Amino acid sequence: MQADEAQTRELLQTHDDPGHMEFPAHFDHERAATRFSQLESGLRTAFGACYSSAGQDSSFHGDIEVPAAVTSGGLMLRVRISNFGDLAAASSEEALYCDDAELAELLHPADAARVYGALDYLGYIALRLDPLEEMYNGASAFLRERGAPWWDRYFDYL
């Protein structure tokens, strides 16, 4: 599922837990690793190549990068999976921290269909980027005091 801006903001608030910064209390590491592996396999099948890396000391499980040479749009694509709520963020090398309009302009429709299709197939929720760049106003005093964006809460090193 691709969340709209309102759904993204709601999901950010819903999954926020000040007592658990890297992963939720009942996080199933084995399930997360299995699904991440399935996503990597699905993207490798869809594009012909991809590379993954794990997140450590972070609020995200890992990244999967699709090389520019195998995409229809000629841009490296990145999918980052959060440890919280089956949340995902898709971006490109040129649009890592851009707004949704810029990503939509840069992302070739065939690449978007393959990335979002693989996420949807596994039940991940692709969040909008714009709300992730807004200042964090959730339950964690640590993140509020740092002046962090919502991106840090779910998709960055802590």
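Trainee: In this predicted model, what is the handedness of the crossing of α2 and α4?

Mentor: Helix α2 covers residues 29–47 and helix α4 covers residues 109–121. Where these two helices cross, the crossing is right-handed.

Trainee: Are α2 and α4 roughly parallel or roughly antiparallel?

Mentor: The axes of α2 and α4 come within 9 Å and cross at roughly 155°. Angles over 145 degrees count as roughly antiparallel. Therefore the relation of α2 to α4 is roughly antiparallel.

Trainee: Which residues in α4 does α2 meet, and how do the residues of the contact divide?

Mentor: From α2, Leu39, Leu43, Ala46 and Phe47 take part. Their partners in α4 are Asp111, Arg114, Val115, Ala118 and Leu119. By class, the residues of this contact are seven nonpolar, no polar and two charged.

Trainee: How many helices and strands are there in the protein chain, and in what order do the elements run?

Mentor: The protein chain contains seven helices and five strands. Read from the N terminus, the order of the elements is α-α-β-β-β-β-α-α-β-α-α-α.

Trainee: Why is the protein chain described as being as compact as a globular protein of that length?

Mentor: For 158 residues the globule rule gives 15 Å. The protein chain is as compact as a globular protein of that length because its radius of gyration is close to that value, at 15 Å.

Trainee: What share of the residues of the protein chain count as buried?

Mentor: The C-alpha trace spans about 45 × 35 × 25 Å along its principal axes. Buried here means under 20% relative accessible area. Of the 158 residues, the share that count as buried is 47%.

Key
Residues numbered from 1 in each chain as written. Predicted model: local features only at pLDDT ≥ 70, side-chain atom pairs only at ≥ 80, totals over all residues. Heavy atoms only, no water. Axes fitted to C-alpha atoms, helices over the stretch in contact; angles between N-to-C directions. Helix = DSSP H or I, 4+ residues; strand = E, 2+ residues; numbered from the N terminus. Parallel < 35°, antiparallel > 145°, perpendicular 65-115°, else oblique. Left-handed = near helix turned anticlockwise from the far one by under 90°. Contact = heavy atoms within 4.5 Å. Nonpolar A, V, L, I, M, F, W, Y, C, P; charged D, E, K, R; others polar. Rg over C-alpha atoms; globule rule 2.2 N^0.38 Å. Buried < 20%, exposed > 50% of the residue type's maximum accessible area, 1.4 Å probe, protein only.
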